[in-house]
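Hi there,

Here is the structure I promised to pass on to you. Have a look at it first, and then read my notes below.

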Amino acid sequence: DYVGDIYYFGNDVSIDYSEARKWYELAEKQGNIHASLQLGFIFFYGEGVDKDIKKAFRYFKQAADRGNARSQYMLHYFYFFEKDYKNYELGKQYLEKSAEQGDVLAQILLAKCYIGSFGFDEEDEKFVYWISKAADQGNPEAQRALGEAYLKLDNEAALPKSYPDAIKWLEQAAAQNDLRALINLAEVYFDDEGIERDLVKTDHYLQRAEALFKEREAKDYNDASEHDLIADLYYRKAEDRTTRQKAFDHYCKALSFGNESSLYDVGWMYFINGYD
């Protein structure tokens with residue numbers, strides 16, 4: 001198994017998935033659970049082999065039933081998305097087993113299940129429980145989601161609304177370059193609701209967000225919804241044509257990356273603000 005890792009991850013050697021698979025298979029035949037997980041990944045992603053969902057499932061299931069948390073997490077893909085395996089309830093059961101062992105990805109996805117994803121009933125208390133577990137592990141997506149929940153969950157029994165707590169978690173996510181957390185913080189300090197408006201902090205977080213947008217564009221990574229989110233804030237705070245131009249630019253980018261609802265916003269700005 002260790003030798004398989006050396007070739008799989010390229011530890012002081014060139015990555016060689018075929019050689020890794022050979023050693024993992026020797027380990028798996030002797031009952032090594034981690035080797036089963038790794039073989040699942042190899043066939044799931046088609047690393048050095050043809051992609052084979054059936055073999056991937058067999059290896060993940062084998063490791064999951066012997067208690068491997070990441071394999072338990074990976075089974076959700078089959079039970080949620082693959083028609084030959086689809087079983088939402090069974091997928092959630094494996095997610096729960098993984099989350100209970102501390103797998104942060106399972107905790108986040110399980111939290112999403114409890115806010116209505118995959119057809120499950122909404123249970124705010126369980127959402128808060130699992131997203132808090134993931135946030136406590138330092139995951140920026142979970143920290144941002146928990147911060148947003150303190151602002152927007154609207155269920156005082158499950159999570160009382162709290163601007164200080166929201167800011168605390170959003171700042172932790174922002175420190176790890178979570179772009180949505182930066183936009184959320186800019187919005188919190190602009191809205192003048194719950195805390196006093198602070199345009200200096202609003203601009204500070206917007207500038208950090210813009211820097212991240214540039215870094216991502218240099219890597220050809222773009223998220224239409226994030227462009228739309230920051231455009232909305234720029235439009236709301238616009239007091240001059242320069243700020244409106246930033247809103248317009250981000251709406252155009254959101255549209256170009258597939259957010260069709262931005263058609264309305266671009267059209268509105270042409271109509272109202274005289275863009276030509």
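Let's begin with the overall picture. Buried residues make up 46% of the 276 residues in the protein; buried means under 20% relative accessible area, exposed means over 50%, and partly exposed is in between (1.4 Å probe, protein chains only). Please keep in mind that this is a predicted model, where local features need pLDDT of at least 70 and side-chain atom pairs count only at pLDDT 80 or more, while totals for chains, interfaces and linings use all residues. Residues are numbered from 1 along each chain as its sequence is written, and side-chain values use heavy atoms, with hydrogens and water left out.

The secondary structure comes to 15 helices and zero strands. Both kinds of element are DSSP runs numbered from the N terminus: helices are H or I with at least four residues, and strands are E with at least two. The C-alpha trace spans about 70 × 45 × 35 Å along its principal axes. Of the contacts with a separation of 6 or more, 46% are accounted for by residues 24 or more positions apart; a contact means heavy atoms within 4.5 Å.

H11 runs over residues 179–191, and its 13 residues reach 19 Å from first C-alpha to last, close to the 18 Å expected at 1.5 Å a residue. That expected span is 1.5 Å times one less than the number of residues. Is H11 mostly covered or mostly open? It is mostly covered, with ten of its 13 residues buried. Among them are Leu182, Ile183, Leu185, Val188 and Phe190. The cover includes helices H9 (140–152), H10 (163–174), H12 (199–218) and H13 (224–237).

At its start, a side-chain oxygen of Asp178 reaches to within 3.2 Å of the backbone nitrogen of Arg180. H11 is followed by Asp192, whose phi is positive, near 60°.

Next comes Arg197, which sits in the loop between H11 and H12. Arg197 counts as partly exposed because its relative accessibility is 39%. A polar atom of its side chain lies 2.5 Å from the backbone oxygen of Phe190. Leaving out residues up to four places away in sequence, Arg197 touches Tyr189, Phe190, Asp191 and Asp192. For a sense of distance, the C-alpha atoms of Arg197 and Ala27 are separated by 60 Å, and these two are 170 residues apart along the chain.

Another arginine, Arg216, is in helix H12. Which side chain does the side chain of Arg216 meet in a polar contact? The partner is Glu226, at 2.6 Å. A polar contact is a pair of N or O atoms within 3.5 Å; within protein, one must be able to donate a hydrogen and the other to accept it, and residues adjacent in sequence count only if both atoms are side-chain atoms.

Asp154, in the loop between H9 and H10, has a positive phi of about 60° although it is not a glycine. Asp154 is exposed because its relative accessible area is 77%. Asp220, in the loop between H12 and H13, also has a positive phi of about 60° without being a glycine. Asp220 counts as exposed, at 71% relative accessibility.

Gln38 lies in helix H3 (residues 33–45) and is buried, with a relative accessible area of 4%. Tyr79 lies in helix H5 (residues 69–81) and is buried at 5%. Tyr79 and Tyr94 are 15 residues apart in sequence and 9.5 Å apart in space, C-alpha to C-alpha.

Happy exploring!
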